[in-house]
Amino acid sequence: METYKVKQLVQVEENIVSNESRLSICLKANGFSFSLINNNNLRLLCVGEFEVDTTGSIPQVMNRIRECFSSIGIKMFKFAKTRIICQSTKNVWVPYKLYDSTKNKDYIKTVSNVLSNETVLSNTSEKLDAVSIFAYPMHTYSGVKILMPNAEYCCQHQIMAEYTYDITRFSQNTLLLNKRENACDIVLFKGNSFVLSNSFEYQEAADLIYFILFTLQQLSVDTAEVKTLLTGENYEKEELTLLRKYIKDVSFANPMENIKVGCEFDSINLQNYFLVIA
């Protein structure tokens with residue numbers, strides 16, 4: 001009996017060679033999105049999303065992910081590069097020069113409690129000269145680790161911050177918003193300084209704009225002097241209207257900055273796959 005559902009899938013090539021491809025997976029409790037990119041010419045080969053329970057035991061997590069990829073012809077997990085994006089709300093940054101790997105849990109405890117079923121992971125960003133420390137469910141991490149032992153793990157804030165670093169003009173302020181269900185991740189640069197990454201839940205469009213305006217005010221960023229980029233899941237009409245009413249410069253991010261994307265993908269909204277292709 002199948003334990004998964006294919007929510008969306010666009011695949012350029014029927015037979016993708018795993019050891020010539022980069023795999024990026026963005027995990028959440030009820031499934032994952034992913035991309036496969038040719039490691040040599042950076043051509044996008046496949047994007048998709050599976051609905052599958054990733055909250056079971058370690059063997060269940062491992063076998064369910066394997067089953068999903070097997071359904072599209074991917075049976076070997078020896079990719080050229082593998083990146084696992086962990087959507088975590090427990091995340092903190094530490095300047096690289098001050099970082100002490102023995103204090104990972106202590107760093108997280110400055111922003112949130114670490115539960116007994118969570119593990120604390122870290123990833124160094126050379127671009128930002130900082131280390132991202134984040135908490136993630138232990139069973140999910142362990143299941144993926146067995147399946148893909150050489151994978152790199154990072155949280156969504158690192159993907160967003162490095163993308164913003166790459167595209168921002170150091171003379172301007174840049175705010176990146178990533179929408180996911182009833183939550184939003186944000187990253188803010190003031191000129192060339194990375195000053196904020198955060199996540200918040202919201203129910204109404206008014207809550208979204210209130211939190212953003214409050215954040216900008218607290219960091220002394222004028223709404224007329226910040227370039228705001230949107231990505232992630234589809235924004236409601238009211239959300240877009242309010243954002244453009246209160247913030248002068250609002251546009252959509254371009255997740256295809258550094259890869260080659262064919263016309264085969266014109267039928268889908270690649271903003272939904274920002275975290276796995278940016």
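## Asparagine 178 and its surroundings

Asparagine 178 is in contact with Met160, Ala183, Cys184, Asp185, Thr231, Gly232, Tyr235 and Leu275, leaving aside its neighbours within four places in sequence. The model is a predicted one. Asparagine 178 belongs to strand β10, residues 173–180. Its relative accessibility is 3%, so asparagine 178 counts as buried. The cut-off for buried is under 20%.

## The six-stranded sheet

Six strands make an open sheet in the order β1-β4-β3-β2-β5-β9, and the pairing is mixed. The edges are β1 (4–11) and β9 (152–155). Each has a single partner strand, so one side of each is left without a neighbour in the sheet. From one strand to the next, the twist averages 15 degrees.

Glutamine 8 has glutamate 49 in β4 as its bridge partner. Glutamate 49 in β4 also stands opposite serine 33.

How much of strand β3 is covered? For residues 31–38, the strand is mostly covered, with 8 of its 8 residues buried. Gly31, Ser33, Ser35 and Ile37 point one way from β3. Phe32, Phe34, Leu36 and Asn38 point the other way. Both sets are buried.

Strand β2, residues 21–28, pairs with β3 in the antiparallel sense over 8 bridges. A hairpin of 2 residues joins β2 to β3. Lysine 28 stands opposite glycine 31 in β3. On to strand β4, residues 44–52: β3 and β4 run antiparallel and are joined by 7 bridges. They form a hairpin with 5 residues between them. In that turn, leucine 42 has a positive phi of about 60 degrees.

## Helices against the sheet

Two helices are described here. Helix α1 (58–70) lies across β1, β2, β3 and β4. It runs at about 50 degrees to β3. Helix α3, residues 138–147, lies across β2, β5 and β9. Helix α3 runs at about 150 degrees to β9.

Which residues of α3 are buried? They are Thr140, Tyr141, Ser142, Gly143, Val144 and Leu147. These buried residues pack against β2, α1, β5, β7 (118–125), β8 (130–137) and β9. An α-helix has 3.6 residues a turn, so residues three or four places apart point the same way.

At 3% relative accessibility, threonine 140 counts as buried. Not counting residues up to four places away in sequence, it touches Leu27, Thr54 and Val61.

## The largest pocket

The largest pocket has a volume of about 850 Å³. Its lining holds 37 residues. Closest to its centre are Leu27, Lys28, Gln87, Arg180 and Glu181. Several elements give two or more residues to the lining: β1, β2, β8, α3, β10, β12 (193–201) and α7 (274–277).

Lysine 28 is the residue opposite glycine 31 in β3. Glutamate 181 is in the loop between β10 and β11 (183–190). Is glutamate 181 partly exposed or buried? Its relative accessible area is 48%, so glutamate 181 is partly exposed.

## Positive phi angles

Most residues other than glycine have a negative phi, and most peptide bonds are trans. Glutamate 181 has a positive phi of about 50 degrees, although it is not a glycine. Serine 220 also has a positive phi, near 60 degrees, and is a residue other than glycine. Serine 220 sits in the loop between α5 (205–218) and β13 (226–232). Its relative accessibility is 62%, so serine 220 counts as exposed.

## Lysine 75

Where is lysine 75? It lies in the loop between α1 (58–70) and β5 (81–86). Lysine 75 has 58% relative accessibility, so it counts as exposed. The cut-off for exposed is over 50%.

The side chains of lysine 75 and serine 70 are joined by a polar contact of 3.0 Å. Valine 221 is 146 residues from lysine 75 in sequence. In space, lysine 75 and valine 221 are 49 Å apart, C-alpha to C-alpha.

Terms used
Residues numbered from 1 in each chain as written. Predicted model: local features only at pLDDT ≥ 70, side-chain atom pairs only at ≥ 80, totals over all residues. Heavy atoms only, no water. Helix = DSSP H or I, 4+ residues; strand = E, 2+ residues; numbered from the N terminus. Buried < 20%, exposed > 50% of the residue type's maximum accessible area, 1.4 Å probe, protein only. Polar contact = N/O pair within 3.5 Å; in protein donor to acceptor, adjacent residues only side chain to side chain. Contact = heavy atoms within 4.5 Å. Pairing = 2+ DSSP bridges. Axes fitted to C-alpha atoms, helices over the stretch in contact; angles between N-to-C directions. 1 Å grid on protein atoms, 1.4 Å probe; cavity = no way out; pocket = protein on both sides within 12 Å on 5 of 7 lines; lining within 4 Å. Points joined across faces, edges and corners; volume = space filled by probe spheres on them.
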